[in-house]
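Have a look at it first, then we'll chat through it one question at a time.

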Amino acid sequence: MGAVEARLAELGLTLPEVVPPLAAYQPAVRSGVYVYTSGQLPMVEGKLPVTGKVGAEVTAEEAKDLARTCALNALAAVKSVAGDLDRIARVVKVVGFVASAADFTGQPGVINGASELLGAVLGDKGVHARSAVGVAVLPLDAPVEVEVQVELVP
């Protein structure tokens, strides 16, 4: 177990299995020193724990926890192509999508779940640029989806 996975364990977290693709794509791909994940849903053991729109069927706090799960799934996808999470030089960019009720404007707070997890696990290497976008609907009626771009140590 490397330092990053040891830090996950200190936080009471375990790296999940990579979520299998729902369509014609790979969970993550490597290009040079970068790894790009596909959008990661908050799947837990092959299921979405909650569905619906944030600000309607799902609270902002529930969605923030789901974004945290998305980030864990993204780390699993990164490891699947990088081999070791200790190879992460830094998280470059996080893009979060929030299936939002028409009047919900708290997307940044929701995606903080992913950003805060990456910071807690990776420290300064987890500081990143980010977008948090409200959308009408996500695959499988998921409330949140997160994609991550990381740079690896050459």
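**Getting our bearings**

Q: Is Lys64 buried, exposed or partly exposed?
A: Lys64 has a relative accessible area of 21%. Buried means under 20%, exposed means over 50%, and partly exposed covers what's in between, using a 1.4 Å probe and protein chains only. So Lys64 counts as partly exposed.

Q: What kind of model are we looking at?
A: Residues are numbered from 1 along each chain as its sequence is written, and side-chain values use heavy atoms, with hydrogens and water left out. Local features need pLDDT of at least 70, side-chain atom pairs count only at pLDDT 80 or more, and totals for chains, interfaces and linings use all residues: this is a predicted model.

**Salt bridges**

Q: Which residue forms a salt bridge with Lys64?
A: Side chains of opposite charge can pair when their charged atoms come close. A salt bridge here is a side-chain nitrogen of Lys or Arg within 4 Å of a carboxyl oxygen of Asp or Glu. With closest N and O atoms 3.2 Å apart, the partner of Lys64 is Glu116.

Q: How many residues apart are Glu116 and Lys64?
A: Helices (H or I, at least four residues) and strands (E, at least two) are DSSP runs, numbered from the N terminus. This pair links distant parts of the chain, with Glu116 in helix α3 and Lys64 in helix α2. The gap between them is 52 residues.

Q: Lys53 and Asp141 meet in a salt bridge too, so how many residues apart in sequence are the parts that they tie together?
A: The side chains of Lys53 and Asp141 come to 3.6 Å, N to O. Lys53 lies in the loop between β2 and α2, while Asp141 is in the loop between β4 and β5, so the parts tied together are apart in sequence by 88 residues.

Q: Which helix holds both Glu10 and Arg7?
A: The side chains of these two form a salt bridge of 2.9 Å, N to O. Glu10 and Arg7 are three residues apart, about one turn of the helix, and that helix is α1.

**Strands and surface**

Q: In which sense does β3 pair with β5?
A: Two strands pair if DSSP finds at least two bridges between them. β3 (residues 88–99) and β5 (residues 144–152) share nine bridges. Arg90 stands opposite Glu151 in β5. The sense is antiparallel.

Q: Is Gln40 buried or exposed?
A: Gln40 sits in the loop between β2 (34–37) and α2 (60–82). Not counting residues up to four places away in sequence, Gln40 touches (heavy atoms within 4.5 Å) several residues, including Val19, Cys70 and Val146. With a relative accessible area of 4%, Gln40 is buried.

Q: Where is Leu22?
A: Leu22 is partly exposed, at 49% relative accessible area. Its place is in the loop between α1 (3–10) and β1 (28–31).
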